[in-house]
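Visitor: Before we discuss anything, could the model be put on display? I would then like to go through its contacts one at a time.

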Amino acid sequence: MMEQEKIQEFRQLLEDWLEQLLSEADNTVSTMTDSRKDFADPTDRASHESDRNFVLRIRDRERKLIMKIKSALDRIEDGTFGICDECGEEISENRLKARPVTTLCIHCKTESEAREKRGNG
Ligand SMILES: [Zn+2]
């Protein structure tokens, strides 16, 4: 089992990360709202549209990341943080440091990527 102290470090890291993402998401929304009125010219409006799509794509990725962070925090709560979803082994601390939201140990992750490459899902 991972030490309580280490788990609390990861909790802090995840909470800071989540807070940062949430405040960035707020900024994105207010930037989009502020600039909308400045695009009267259709050409500008078109490029603004693709900016908007770009922003939305980023936001979609952020949203998924936010979900992952929240579920990592849930796993800290229920004591399953740092345990591989597939094999039940502990995920190495170095791997968790690099990617705190991961749910797979490096072995299972490699396996699942290999499966994806073969096209078997
Ligand atoms: Zn595993």
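Guide: A salt bridge here is a side-chain nitrogen of Lys or Arg within 4 Å of a carboxyl oxygen of Asp or Glu. This is a predicted model, in which local features need pLDDT of at least 70 and side-chain atom pairs count only at pLDDT 80 or more, while totals for chains, interfaces and linings use all residues. Residues are numbered from 1 along each chain as its sequence is written, and side-chain values use heavy atoms, with hydrogens and water left out.

Visitor: How far apart are N and O in the salt bridge of E93 and K6?

Guide: Helices are DSSP runs (H or I, at least four residues), numbered from the N terminus. E93 belongs to helix α3 and K6 to helix α1, so that the pair links parts of the chain 87 residues apart. Their side chains meet in a salt bridge with an N to O distance of 3.6 Å.

Visitor: Is E93 buried, exposed or partly exposed?

Guide: Buried means under 20% relative accessible area and exposed over 50%, with partly exposed in between (1.4 Å probe, protein chains only). The relative accessible area of E93 is 26%, so E93 is partly exposed.

Visitor: Which residue forms a salt bridge with E86?

Guide: E86 lies in the loop between α2 and α3, and its partner is in helix α4, 29 residues apart. The closest N and O atoms are 3.5 Å apart, and the partner is R115.

Visitor: What is the geometry of the site of the zinc ion?

Guide: Donors are N, O and S atoms within 2.8 Å of the metal (3.2 Å for Na, K and Ca), and water is not among the atoms, so sites may look incomplete. The SG atoms of C84, C87, C105 and C108 coordinate the zinc ion at 2.3 Å. Four donors count as tetrahedral if all angles lie between 85 and 135 degrees. The angles among these four donor atoms are 104 to 115°, and the site is tetrahedral.

Visitor: Which parts does the pair of C87 and C108 tie together?

Guide: The donors follow the spacing C-x2-C-x17-C-x2-C along the chain. C108 is buried at 5% relative accessibility, whereas C87 is partly exposed at 38%. Because the two are 21 residues apart in sequence, the pair ties together the loop between α2 and α3, which holds C87, and, with C108, helix α4.

Conventions
Four donors count as tetrahedral if all angles lie between 85 and 135 degrees; four count as square planar and six as octahedral if opposite donors are over 155 degrees apart and all others between 65 and 115; anything else is irregular.
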